Amino acid sequence: MSLGKYHPETIEKKWQDVWQESGCFEVEVDSEKPKYFVLEMFPYPSGKIHMGHVRNYSIGDVVARFMSMRGYNVMHPMGWDAFGLPAENAAIKNDSHPADWTYANIAEMREQLQRLGYSYDWRREVASCRPEYYKWEQLFFLKFLEKGLVYRKNSPVNWCPDCNTVLANEQVEEGLCWRCDSEVEQKDMEQWFLKITDYADELLADLDQLDKGWPERVLTMQRNWIGKSYGAELTFSVKDSDETVSVFTTRPDTIHGATFMSLAAEHPLVEALIDGTDKAEEVREFVSKVRNMDRIKRGADDLEKEGVFTGRYCINPLTGKEMPIYVANFVLMGYGTGAVMAVPAHDQRDFEFATKYELPMQVVINPPELAEKGDTLALGDMEAAYTDPGILVNSGEFDGMENEAAKKAIVEHLDKSGLGKMTVNYRLRDWNVSRQRFWGAPIPVIYCDDCGVVPVPESELPVKLPEDAQVRKDGKSPLPHMESFVNCTCPKCGGAARRETDTLDTFFESSWYFFRYCDARNDEAPWSAEAVDYWMPVDQYIGGIEHAILHLLYARFYTKALRDTGFVRNDEPFANLLTQGMVLKDGGKMSKSKGNVVDPNAMINRYGADATRLFILFAAPPVKELEWSDQGIEGAYRFLNRLWRLVEELQDVLPTAAPVSFTDPKSETAKSLRRKEHETIKRVTHDIENHFQFNTAIAAVMELVNELYHCKDELKADAPEALSSAIATALTVLSPVAPHICEELWEVLGHKCRLADLDWPSHDEAALVLDEVTVVVQVNGKVRCKLNVPNNAPKDEVEKIAMEQENVVKHIEGKTVRKVIVVPNKLVNIVAN
RNA sequence: GCGGGCGUGGCGGAAUUGGUAAACGCGCCAGAUUUAGGAUCUGGUGCCUUGCGGCUUGGGGGUUCGAGUCCCUCCGCCCGCACCA
């Protein structure tokens, strides 16, 4: 029977059907087998998959198939992060419901993923926009509310005018909306918050246990984002007032040098201080100027420091001196208390500010080198603030102390009068989860004029998003205008009430979907304890680095919150994380505007799924960026053809044989092929298992195929079983990467079982042993000749042979041999001068 | 400024513990096959040199018999955070 040409489209469809019909990737809890949960970040159903998805999911698929052949019970699910703005925008454009667009995209993308042959257990598929899914997060929301992890407050929030909604801090990047790059504005609004700050310490501390499994980069980014800093909270009284101002400072040791106070424009005390004074107008004008400044300009590092005097003073608790209170444009309400005690001599910003407004300065920290000479730092000599450690001066009873020791001593002193305490401050803010959008999960609360905020009773969940909603041309949510949705009765008093019309941030859905995969069809509960206890945590999570502090931080927090509300037992969701690099074209991101987007469909049509997978895994190690190359995928396709032709040519002469079944070589050629076969297993196993280095694993298989080409004519007659065994091995270890062609050729070779059901082969260390090895002979570190000597030949014998070599003799002529280094089976280095 | 990473042929990239730098692939060159082209197979391909040989992992220095790998220093690039009190 002739195999004919390699036609990927035929065989790929064939095997995809076989997999689907046999349900071979469907898994259940099995306490007899070790589990392995491999998860790729679920996609937003934007329309079509792109090369980034192909890379992400191909990596995951190799891991899943590899681990499965290694004997693990592998769960590999897929789903859809299906709420989001693009669906609403598309609905506006097409005058339809966001659900139509979303479900159509899901259908198309699911088909694309199936065409790529990924080993998903599709029975576990979730779509976060389905009520059967978001019903559970509404339940979690209520439990969090009960537990005090959810609260409502009015506060300045990030508002994206283009998306018509607020954004969490994590979703504002350099003052721009993470999604549409519009300038984010500040607005005061009533919003729902999740108390992620309650977990700041645990989120930080637990990063240490992720040390081995997570990239250092991501850990660092999360640490920075949480931004823990040790300091003190100090209280200053306001002159002629009962008010106090509290500040956070990391330098309580410099309090004697605090000569003025700076408040953020948003500081609530500002209005109280100036109301009715002759400064009121000037200050208000400044405040509104600062608040209306856009975030980029306000956050720029070259922003000119500006401020305005409020006309009021506070009192330095240690010096008793009056400190003028300013409103300053560089003080942020979002960090610390929004007020800073200004120590111009020892803080660069305060120094610049004081210089500009001619405010007093006082040196209180003396550099150690001056202190040793008995000198003291003089203001006149200073061109910048002195921020390094030193000895306290001009600080009363604390003079002479080292500043680190003084921090503690001064706070303890202030604590006696209740004016200071050591604190820890975090940069992390609570997570704003309210969104003024339609296409999201409704927040399950009701507003009653008599009872206030009332949670929706659990029995009434889910609060469904209306299917008859008509999106509005102005892009605003239709929910507040839908009486059928808004109007309801208060669960408490039965009176007329209104539903919350904000929806949840879509990161709310992606914070727990991995738990749902464990028991995705459960309609009694979000999941069974049995399922979650067995499958979680995720053993290997794979996704883009762009979620380093968004999704990955939220999901960690959410897991801890679910733990503390009794839903799960896990502290951390993801044991190991792989962040794959981007797929580039012409050195940059693929983009529609540049017209260089490579469409996965086109590649599958032209070269097949196997070649596409092979190329994307071969072109670069997974963590690095990958430059897409049209010639490169051509090469991958060529290799698969080469493999195909090899089997085609040999199929009639080869016995059906399992991997590593050949054990008894009669010739040097057969022995050498066997060695290559076992070497390949060793390398592929090592490369996948230890570093996910699919590129080198694939290179190893290519080498084996090259060797097969070289020895096939000789071995066809004498040792077909050697060829058979080696080909079986090649197909087996390549199958996680290119599963369709490998299954097909496996079948062609007469096997009845499926390759995917095979155990991963192990190499025989004895097969790797060489009879003869090449030893390099160096003179003074330079290679002069190469010798073939018996494996493990005694050192002195090798040395003797080396010394006799013509080219060696030539190079040591007239010199004295000082030393000879012999590394067995590797090299001889003769040191002579 | 702070933190992290990177720098190897024409290109993508390989190199357990320091031990033949450039595996594998792309591209290129030659040969075979072919009417021709394409495809395929085989071989070659870091740089300089006619050759002997010399040089080569961003630059410089060091440790070592031996350094892409370890140490110091400088340069360049990328990423993240950034007026954080």
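Predicted model: local features only at pLDDT ≥ 70, side-chain atom pairs only at ≥ 80, totals over all residues.
Figure 1. RNA strand B is surrounded by 52 residues. The closest of these are L303, K305, L332, Y335 and R349. Of the atoms of RNA strand B that come within 4 Å of the protein, 68% belong to sugar and phosphate. By class, the surface near RNA strand B comprises 20 nonpolar, 14 polar and 18 charged residues. Helix α23 supplies the largest share of this surface, with 8 residues.

**Figure 2. Polar side-chain atoms at the phosphates and a base of RNA strand B.** An N or O atom in the side chain of R427 is placed 3.3 Å from a phosphate oxygen of RNA strand B. The side chain of K786 instead has an N or O atom 2.7 Å from a base oxygen of RNA strand B.

**Figure 3. Packing of helix α22 with helix α23.** Helix α22 spans residues 668-691 and helix α23 spans residues 694-718. Their axes come within 9 Å and cross at roughly 170°; α22 is therefore roughly antiparallel to α23. On α22, the contact is made by T669, A670, S672, L673, K676, E677, T680, R683, V684, D687 and I688. The residues of α23 that take part are F694, T696, A697, A700, V701, E703, L704, E707, L708, C711, E714 and L715. This contact contains 12 nonpolar, 4 polar and 7 charged residues.

Definitions and conventions. Residues numbered from 1 in each chain as written. Chains lettered and ligands numbered in written order. Heavy atoms only, no water. Axes fitted to C-alpha atoms, helices over the stretch in contact; angles between N-to-C directions. Helix = DSSP H or I, 4+ residues; strand = E, 2+ residues; numbered from the N terminus. Parallel < 35°, antiparallel > 145°, perpendicular 65-115°, else oblique. Contact = heavy atoms within 4.5 Å. Nonpolar A, V, L, I, M, F, W, Y, C, P; charged D, E, K, R; others polar. Near = heavy atom within 4 Å. Polar contact = N/O pair within 3.5 Å; in protein donor to acceptor, adjacent residues only side chain to side chain.
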